[in-house]
Amino acid sequence: MKFEALVKSEKNGLFRISDGKKIETDNLKVFDAESLASGKSPELNSFGEGQIFAVSVPFEKVDFGDGNYNEELLAGLREVLKPLEEKGVFCFILPESSKAVEDADQADSLIKAFVHTARRLKDCQSIVGFAIPEVLLEKDKGAELGEESWSRWFVNDMNVKHSHYVYFVNRAAADRLELCEKVEKTEFVLY
């Protein structure tokens, strides 16, 4: 199942393709995946057409190790996010990890877990993209965000099956990691 992109990135901002209207990404509401999946976030009903929020998905809650993933969490998340497409509400997945990425093997596990997450949520048109995990941005600190970067590795692996996604970078994290000027040269949306 392949979707047409509903949004696009332009000058690190987010815009609807249908009418070119800018979607505000400042002061985003962030929901916890477990709370959403269990139906404990009635605040979702307050979102209207063209609005966006983020869903925090901890790596440790998705990846049980050895290629085993939390299918129950992902199915619950899908059930909550799927109906939002009828309202024209958007969201993106905010991958998080409580541990730093020390090497390529750890990065590979993290990336594979979120590629799997995308695969399980692929039919939710309300999901317009993923944030670059901060633990990967930390590996890119002070570096260019070119093809050899950890961040680009994440995007390239995600784009194999999800080329319609837009990618987001937290502005405060980019500042802290001396990456703001570098992010500004990419297609990433700053939020």
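Begin by selecting strands S9 (residues 127–131) and S10 (residues 166–169), which pair in the parallel sense over 3 bridges. Strands here are DSSP runs of E of at least two residues, numbered from the N terminus, and two strands pair if DSSP finds at least two bridges between them. The model is predicted, so local features need pLDDT of at least 70 and side-chain atom pairs count only at pLDDT 80 or more, while totals for chains, interfaces and linings use all residues. Residues are numbered from 1 along each chain as its sequence is written, and side-chain values use heavy atoms, with hydrogens and water left out.

**Stop 1: strand S10**

Select Gly129 and then Val166, its bridge partner in S10. Next, display the side chains of S10: Val166 and Phe168 point one way, and Tyr167 and Val169 the other way. In a regular strand the side chains alternate between the two faces of the sheet. All four residues of S10 are buried, that is, under 20% relative accessible area with a 1.4 Å probe and protein chains only. Phe168 stands opposite Val189 in S11.

**Stop 2**

Strand S1 (residues 7–10) runs antiparallel to S2, with 4 bridges joining them. Select Glu10, whose bridge partner in S2 is Gly13. The hairpin of S1 and S2 has 2 residues between the strands, and in this hairpin Lys11 takes a positive phi near 50 degrees.

On to strand S3 (residues 22–23), which pairs with S2 in the antiparallel sense over 2 bridges. Leu14 stands opposite Ile23 in S3. The hairpin of S2 and S3 has 5 residues between the strands; select Gly20 in the turn, which has a positive phi of about 75 degrees.

**Stop 2: Asp63**

Finally, select Asp63 in strand S6 (residues 63–65). Display the backbone nitrogen of Gly65, which lies 2.5 Å from a polar atom of the Asp63 side chain. Not counting residues up to four places away in sequence, Asp63 touches Asn68, Tyr69, Ser109 and Ala113, where contact means heavy atoms within 4.5 Å.

Methods
A polar contact is a pair of N or O atoms within 3.5 Å; within protein, one must be able to donate a hydrogen and the other to accept it, and residues adjacent in sequence count only if both atoms are side-chain atoms. Buried means under 20% relative accessible area, exposed over 50%, partly exposed in between (1.4 Å probe, protein chains only).
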